Amino acid sequence: MVTGREDRIVNGVVYALLLLVAVVSVFPLLFVLSASLTPYSEVLRNGGYVVLPSEFTLDAYRALLAEPAIPRALGVTVFITVVGTAINMVLTTLMAYPLSRRELPGRSAVLFMLLFTMMFSAGLIPTYLIVKATGLVDTIWAMIIPSAVGVFNVLIMKTFFDHLPQELIESARIDGAGEFRILVRIVLPLARPVMLTLGLFYAVGHWNEIFHAILYIRDQDLYPLQIVVRNIFLRSQSIENVDAAALPTVTMQMAAVVIAAVPMIVIYPFIQKHFQKGVLLGSVKS
Amino acid sequence: MTGVGAPPAPAQTPAQAVAAAPPAPRRARWARAWRFRSLYLMLLPGLIYFAVYKYAPMYGVIIAFKDYNLGLGIVASPWADPWFKYFDQFFSSPYFGQLMVNTFLISAYKLFWGTVPCLVLALLFNECRVTWLRRWVQTISYMPHFLSWVIVFGITVAFVSQSTGLINRGLEGLGAEPIGFLTSTDWFRTILVGADTWKDLGWGAIIYLAAMVGIDPERYEAARVDGAGRLRQIWHITLPGIRNVIILLFVLRLGNILDAGFEQVYVFYNVQVYSVADIIDTWVYRVGLEQLNFSLAAAVGLFKAVTGLVLIILANRLAKRWDGQLW
């Protein structure tokens, strides 16, 4: 073949660069993990953090979990992830299903109303005033209710429903089944993939929640994990007095990062397939 | 003349005929809507959500034209005099130019560094003939997308921290002075954009890769017959084949250029770098919720929202030219 040489070179370059991408994606996480396990003696000896310290310690994790802030923040984050995702899914489904029914009068008006919020939003301050007026400020619900439905996710689910076999729904209706029954008994069992994908998207969003907490939460007892971890970086002095002396600040900070990241990284390999599907579903739409 | 849907029954009473005749289309419409009542019932909770948390704030925007007073509330607060007082205050303040420059630059850098590397990575995936390798690298490179900005910030600190960061230790090893990347106005934006690129490198490649997979394999076959090597195939078939997708995504992201990423900037920045890091959203947050100057913050937010709306509509117009649509 004429192109044999070029082929080999291209392949070589492609494999090398892909390996580089893999290393660049993973190495920072491993480095953070190693830093979170590094005792003070090592930092002193090496003049900083190294990729592979010769001694490890779990003290930073012990110290962090002994602080009331982290376990409490974990509780808050788990709560908003579970309850928030449940609310998201119920409301999203209840919007997507009627909107997938072409014969519904007023359907396009509702769709426009949804799309318009994607293009124009009132902004932080007026939204804050409404959240305050509805009594959510400084309650855990401020991190759940103001983001109860994602327009984009409604559209993804609606698109999925659009492509379900209409005859099934039609025949169920002729058999006298009500809409709720059709949704629960016929549509939802067929919609498992999209439900899983969107549920995971919502859940990741809640786990990583910081935006609403920045805006609406002043009560420290209600801080979600991400805020508490961030504050460890800001006020590294105050947390150091726990077990401190033997623990450098950065080790603590990195341990906090690992605590916040680990659940995501552990479940990621199992769920990544669904995410990929989800982004493609979404892009077909736009 | 019989009403729509009214049976032509001779036994109809006069009263019924009168009721059915002129308003028939309207009644028929309501009757039709009534048949769908359970679907509307399903929509109701969602509609209430949108009305309260998306549309009511649009009404609340009027505080941009009022001297908002926390005690009086949205309706009772007096109108600002003149009505454009807060807009004027913003446009004539030194912040205006700085915020626009920062927002625009951070967005533009992110646009470039969030497009080209992803495109290159998608090409690499597309050219990779070893399936397991491609799968593995794909899986690994998508993962950072799901990490929160706080985690990405922590990772960044591990590398660039002035006292202990890996990069500064390397610099010291080379005999150079350590650099406070996160507190340096020269470096901050680079770090910000670099972290953004790292987070979404693999994720951003997905859509380009999907477009590449859709290219007709016969075209590669034909090129091969003509003696085109791999590089020429990439240049003459792959890239032109996804040209529309590239342009479409670029234009759509251009429409959102005023969103430079509140969460990331908020998590990454500090007082020392406000002059290069402060974007419209972070400024609005500080002025509104920290200094409690609600009217000024709302005015700036409204300015951003209206400009953003215009940009999105323009972007969509442009995108339509390349055969794509936002709605």
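Select residues 140-161 of chain A: the span is 50% helix and 0% strand, with end C-alpha atoms 32 Å apart. Helices (H or I, at least four residues) and strands (E, at least two) are DSSP runs numbered from the N terminus. This is a predicted model, in which local features need pLDDT of at least 70 and side-chain atom pairs count only at pLDDT 80 or more, while totals for chains, interfaces and linings use all residues. Residues are numbered from 1 along each chain as its sequence is written, and chains are lettered from A in the order in which they are written.

Next, select residues 12-37 of chain A. The chain there is 96% helix and 0% strand, and 37 Å separates the end C-alpha atoms. An unreviewed UniProt entry annotates "transmembrane region" over stretches of chain A including 12-37 and 140-161; such annotations may be inferred rather than shown by experiment.

Now show the contact between the chains, to which chain A gives 80 residues and chain B 76 residues. Two residues are in contact if their C-beta atoms, placed from the backbone, lie within 7 Å. On the side of chain B that touches chain A, helix 3 (residues 37-60) supplies the largest share, 15 residues.

Move to helix 17 (residues 280-290) of chain B, where eight of 11 residues are buried (20 or more other C-beta atoms within 10 Å of their own, C-beta atoms being placed from the backbone). Among them are B:W283 and B:Y285. The buried residues of helix 17 pack against helix 6 (124-133) of chain A and, within chain B, helix 6 (94-113), helix 15 (262-268) and helix 18 (294-321).

Notes: A residue is buried if 20 or more other C-beta atoms lie within 10 Å of its own, exposed if 12 or fewer, and partly exposed in between; C-beta atoms are placed from the backbone.
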